[in-house]
Amino acid sequence: MKVFLDDCRTTPSGWTRTYTPQQTIDLLKTGHVEILSLDHDLGDDDGIGTGYDVLLWLEERVFWYGFIPPKVIALHSSNSCAKEKMNAAILQIKRIREKVVKGHICVVTPDNEDFTLYDPKPSQDE
């Protein structure tokens with residue numbers, strides 16, 4: 001599944017549109033999102049949040065629970081300052097995914113498909 005988070009741009013053909021970080025997170029929880037494209041500014045930062053909130057959620061889930069993020073995370077935001085911090089978050093998610101999660105041993109195969117987290121937290125649905 002390809003997911004496109006935005007409040008005003010036209011959704012590309014073949015993509016599933018979300019308008020809020022929570023809608024996007026709900027789709028990520030299914031484990032079927034392969035490509036994720038995020039906008040930052042969604043019209044109400046304090047009310048519904050931003051695309052950066054999705055990355056914070058992903059970073060936490062990858063770190064604590066070994067959640068496997070989408071293979072591709074793209075940004076289509078026009079907000080250059082936010083885009084910079086979002087790129088940093090994506091890089092951090094990649095680093096965590098490739099190395100160690102909460103001090104536990106992680107095994108990532110060369111094709112990045114198999115991932116083993118030893119002694120994980122009990123549930124990632126919180």
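Reader: Hi! Before we look at the strands, what does it take for two strands to pair?

Author: Hello! Two strands pair if DSSP finds at least two bridges between them. Keep in mind that this is a predicted model.

Reader: Nice, found it. And how many bridges join β1 to β2?

Author: Three bridges join them, and β1 and β2 run parallel. Strand β2 covers residues 16-18. Here you can look at L5, whose bridge partner in β2 is T18.

Reader: Let's zoom out. How many helices and strands are there in the protein?

Author: There are three helices and six strands. Going along the sequence, the pattern reads β-β-α-β-α-β-α-β-β.

Reader: And what share of the residues counts as buried?

Author: Of the protein's 126 residues, 38% count as buried.

Reader: Can we take L28 as a case? Where is its place, and is L28 buried or exposed?

Author: L28 sits in helix α1, which spans residues 21-28. L28 counts as buried because its relative accessibility is 3%, and buried means under 20%.

Reader: How far apart are the C-alpha atoms of L28 and L58?

Author: They are separated by 8.7 Å, while along the chain L28 and L58 are 30 residues apart.

Reader: New topic: charges! Which residues gather in the patch of negative charge on the surface?

Author: That patch is made of D7, D41, D44, D45, D46 and D53.

Reader: Let me pick D46. Where is its place, and is D46 buried or exposed?

Author: D46 lies in the loop between β3 (35-38) and α2 (51-65). D46 is exposed, since its relative accessible area is 80% and the cut-off for exposed is over 50%.

Reader: And D7, where does that one lie?

Author: D7 is in the loop between β1 and β2.

Reader: Why does D7 count as partly exposed?

Author: Because D7 has 31% relative accessibility, and partly exposed is the range between buried, under 20%, and exposed, over 50%.

Reader: Last one! How far apart are D7 and Y19 in sequence and in space?

Author: D7 and Y19 are twelve residues apart in sequence, and in space their C-alpha atoms are 5.2 Å apart.

Reader: Thanks, that helps a lot!

Note on methods: Residues numbered from 1 in each chain as written. Predicted model: local features only at pLDDT ≥ 70, side-chain atom pairs only at ≥ 80, totals over all residues. Heavy atoms only, no water. Patch = residues over 30% accessible without salt bridge, like charges linked within 9 Å, V, L, I, M, F, W, Y side chains within 5 Å. Areas by Shrake-Rupley, 256 points an atom, 1.4 Å probe, with all protein chains shown as cover. Salt bridge = Lys/Arg side-chain N within 4 Å of Asp/Glu carboxyl O. Lys, Arg positive; Asp, Glu negative; His and termini not counted. Charge placed at Lys NZ, Arg CZ, Asp CG, Glu CD. Helix = DSSP H or I, 4+ residues; strand = E, 2+ residues; numbered from the N terminus. Buried < 20%, exposed > 50% of the residue type's maximum accessible area, 1.4 Å probe, protein only.
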